[in-house]
Amino acid sequence: MLSQKLSIPKGTRDFDPETVTKRNYIIQSIKTIFEKYGFQPIETPSMENLSVLTGKYGEEGEQLIFKILNSGDFVKEISLSDFELGYKKITQSISEKALRYDLTVPFARYVVMHKNQIIFPFRRYQIQPVWRADRPQKGRYREFYQCDADVIGTESLICEAEIIWMINEAMEQLGIKNHSIKINNRKILSSIVERIGMPGKETDFCVAIDKLEKTGIDSVISELKSKGFTDLAIASLFPILEIKGTPAEKLVALKKQLEKSETGSKGILEIETVLQYVEAGSATISNLEFDLTLARGLHYYTGCIFEIKANDISIGSIGGGGRYDNLTGVFGEPGLSGVGISFGIDRIFDVMQELNLFPQQFKNFATLLICCMDKSSENFCLKLLYHLRKSGINSEMYPDIVKIKKQLEYADRKKIPYALIVGTDEIQSGLLTLKNMQTGVQLRLCESELVKKINDELSHQQI
RNA sequence: GAGGGUGUAGCUCAGCUGGUUAGAGCGCCAGUUUGUGGCACUGGAGGCCGUGGGUUCGGAUCCCAUCACUCUCCCCA
């Protein structure tokens, strides 16, 4: 045992080469789709001024923000009386920066700060880690990546439709076949709350109803009761929640229930329009569900909301988003409407890993290993190495003069498909020994034949 | 914030109701093969049994505390 027990902070992870390669595959796939839809990348700092983040995520979310201790003597500003005012007051004086909690709020800040140079409607994507001081568990980390794409500066519901296409394309590309894309509308939810006579209780309602699928009707009822919903209100909720069928059927039934509500009708029209747009541009998306119980926690959503679920794995949602009418308002720039989607790539990774959806050929990086037999052959090998790399063959050379057994074992373990054995025999004859590690077959070739041979075999494999 | 579970070799774990040198599989190293990997065989290294205390003639095993990890709920990606 080593002298010290090393560890990393709870909820964080080291990634080995294979894992990073797989993650990059996911990121690259999503990035390609974002760009295909005309989204442009931005990046923002890992840390924001604390004041940018506070007041945006509700009380629960606020607790989960990782704050950064001020540098230097941060104690000198604190007086004894500050202590009596509690930790919140102290926090203000010892921490003025924090790690970003999501990508949407920093994006809103970015939009306001750069509004004069941005071309609206602004389509941006952003793929960066975020941090939450949450308690880790399955599928939940304290450091994880989000892949966000948002359009800001238009109210057009075409953007919602495009987001649905993108989700669909991403799931298809990654091979997550059994998934659901859920859509709902916050306006519909508010009008339901209104209709059952509980205005102002929207947040409580959303939080409770969101769990319907997971915990069942009884626990939702008891949660609503505990939040002060009357029996009458709960009873009048049933006809609405019992609406079933295709999205179109649900909309018809819901219309009857909410016809008197202006907000409700507007929400329904929005959903209808989005569905119509989705179909106008492509065939029906069969995984798309209109789910009245979808609520989503973030309180800044005001219109359509989305969620992506992988149905084979119990891991929570693998992505979500929605429309927010006034996100930049808190930064002094009202009237900008936006809509966005966020993919949780760490969860997507877990899902793909469990379902074995990653392509197999990820394991090898180098295509060829030069096994150099003796000190006097080194210079010859180095020259060869240079030429091979220049010819586009990913190559490495075993850096020490050790037994060939050891060098081949190295190639084997790293899944390098070719070994090139070079010693005095090869140098004298000019014929190099190429070994195919999979078949064990060895050939004697000159250098130009070698390059051709490898390129031929590789291109065959890839087809 | 509330509640479970688990800490023994690098990894996955066994070790029953306390009993002498703490085990297995996999992995690692070496050899069988002085220029040939995977397979097989042979040998080897590697453990303050998470930490501290208690009960006992005797503790990996029982009791208490503590720390770490993990899972569920809350909330979220």
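Student: Where does Lys415 lie?
Tutor: In this predicted model, Lys415 lies in the loop between α18 (404–413) and β14 (418–422).

Student: What is phi of Lys415 near?
Tutor: Phi of Lys415 is near 55°, which is a positive value in a residue other than glycine.

Student: And how accessible is Lys415?
Tutor: Its relative accessible area is 47%. Buried requires under 20% and exposed over 50%, with partly exposed in between, so Lys415 counts as partly exposed.

Student: Which phi does Asn356 have?
Tutor: Asn356 has a positive phi of about 60°, although this residue is not a glycine.

Student: Where is the place of Asn356?
Tutor: Asn356 is in the loop between α16 (345–354) and β12 (368–372).

Student: Is Asn356 buried or exposed?
Tutor: Asn356 counts as exposed, because its relative accessibility is 63% and the cut-off for exposed is over 50%.

Student: Changing topic to peptide bonds: what is omega for the bond from Phe120 to Pro121?
Tutor: Omega is near -10°, and the peptide bond from Phe120 to Pro121 is cis.

Student: Now the domains. How is chain A divided?
Tutor: Chain A is divided into domain 1, covering 17–47 + 101–354, and domain 2, covering 368–459.

Student: What distance separates the centres of domain 1 and domain 2?
Tutor: The centres, taken over C-alpha atoms, are separated by 52 Å.

Conventions: Residues are numbered from 1 along each chain as its sequence is written. Chains are lettered from A and ligands numbered from 1 in the order in which they are written. This is a predicted model: local features need pLDDT of at least 70, side-chain atom pairs count only at pLDDT 80 or more; totals for chains, interfaces and linings use all residues. Side-chain values use heavy atoms; hydrogens and water are left out. Helices (H or I, at least four residues) and strands (E, at least two) are DSSP runs, numbered from the N terminus. Buried means under 20% relative accessible area, exposed over 50%, partly exposed in between (1.4 Å probe, protein chains only). Domain bounds come from an automatic or database domain assignment.
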